[in-house]
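Please look through the structure below with the sequence at hand.

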Amino acid sequence: MLPRIDELAKKISINKIRTICDYRGNLSIIEAQKDIPFEIKRVYYIWDNKDNLPRGGHAHKELWQAIIAMHGSCKIKIYDGKSTIDYILDKPDNVLIFPPGYWRDLVAFADDCVLLVLASDYYNESDYIRDYNEYIKYVQDREENPLL
Ligand code: TYD
């Protein structure tokens with residue numbers, strides 16, 4: 001069964017990325033399966049967002065993601081089908097670790113936002129739920145049958 005949104009908040013609260021700071025500046029480090037709970041199979045990034053248009057608008061069935069605002073800021077709105085929780089990403093040493101099963105909308109992009117996403121698997125369209133009603137049904141089915 002999906003964790004409740006309050007449990008989710010604990011599970012996906014934004015983590016500080018280990019950072020080495022010296023007189024030259026900062027160096028931040030993420031090691032797969034140490035700093036984030038999955039192997040990294042894919043990296044992509046979102047940048048040059050136009051007219052503050054939202055992105056996301058989907059859930060993943062299996063995919064884990066870790067999201068970092070390398071530059072600028074944006075807001076990630078997460079839904080579990082009942083409740084919502086918002087995270088602001090605005091520091092390159094913060095990472096939002098995002099388990100599968102939740103609907104997300106990416107909004108409030110600063111013009112200079114560069115959003116890095118580390119993903120646990122290759123791109124696979126069949127892992128997406130892009131229809132909100134379908135997502136609600138998916139959540140209900142999971143609640144009724146946690147083995148799904
Ligand atoms: P999508 O995941 O819907 O982006 P966002 O959540 O930011 O709105 O992807 C947008 C398009 O890019 C869609 O046609 C699928 C394609 N895409 C890939 O081909 N490979 C990828 O790794 C990703 C993330 C998207």
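Predicted model: local features only at pLDDT ≥ 70, side-chain atom pairs only at ≥ 80, totals over all residues.

In strand S12, His 60 has Tyr 128 as its bridge partner. This pair belongs to the antiparallel pairing of S5 with strand S12 (residues 128-129), which comprises two bridges, and two strands are said to pair if DSSP finds at least two bridges between them. Residues are numbered from 1 along each chain as its sequence is written. S5 also runs antiparallel to S10, to which it is joined by three bridges, and within S10 the bridge partner of His 58 is Arg 104.

Taken as a whole, the protein contains two helices and twelve strands, where helices (H or I, at least four residues) and strands (E, at least two) are DSSP runs numbered from the N terminus. Along the sequence these elements follow the pattern α-β-β-β-β-β-β-β-β-β-β-β-β-α. Of the contacts in the protein with a separation of 6 or more, 76% are between residues 24 or more positions apart, a contact being a pair of residues whose C-beta atoms, placed from the backbone, lie within 7 Å. Of the 148 residues, 22% count as buried; a residue is buried if 20 or more other C-beta atoms lie within 10 Å of its own, exposed if 12 or fewer, and partly exposed in between, with C-beta atoms placed from the backbone.

An open sheet is formed by five strands in the order S1-S9-S6-S11-S4, with antiparallel pairing. Strand S1 (15-16) and S4 stand at the edges with a single partner strand each, so one side of each is left without a neighbour in the sheet. The partner of S4 is strand S11 (residues 114-119), to which six antiparallel bridges join S4, and in this pairing Val 43 has Leu 118 as its bridge partner, while Arg 42 has Ala 119. S11 also pairs with S6 in the antiparallel sense, over six bridges, and here Gln 65 stands opposite Ala 119.

Ile 67, when residues up to four places away in sequence are not counted, touches Ile 76, Leu 89, Val 95, Leu 96, Phe 98, Leu 115 and Val 117.

The ligand has Arg 42, Tyr 44, Ile 46, Arg 55, Gly 56 and Tyr 123 around it, a residue being near a molecule if its C-beta atom, placed from the backbone, lies within 6 Å of it. Strand S4 (42-47) and strand S5 (55-60) are the elements that give two or more residues to this shell, and S4 gives the most, with three residues. By residue class, the shell divides into three nonpolar, one polar and two charged, on a scheme in which Ala, Val, Leu, Ile, Met, Phe, Trp, Tyr, Cys and Pro count as nonpolar, Asp, Glu, Lys and Arg as charged, and the others, Gly among them, as polar.

Arg 42, which lies in strand S4, is partly exposed because 14 other C-beta atoms lie within 10 Å. Leaving aside its neighbours within four places in sequence, Arg 42 is in contact with Ala 119, Asp 121, Tyr 122 and Tyr 123. Arg 42 and Asp 121 are 79 residues apart in sequence, yet their C-alpha atoms are 6.1 Å apart in space.

Most residues other than glycine have a negative phi. Gln 33, in the loop between strand S3 (25-29) and S4, has a positive phi near 65 degrees, and Gln 33 counts as exposed because it has 9 C-beta neighbours inside 10 Å. Asp 51, in the loop between S4 and S5, has a positive phi near 50 degrees, and Asp 51 is exposed, with 6 other C-beta atoms within 10 Å.

Definitions and conventions. Contact = placed C-beta atoms within 7 Å.
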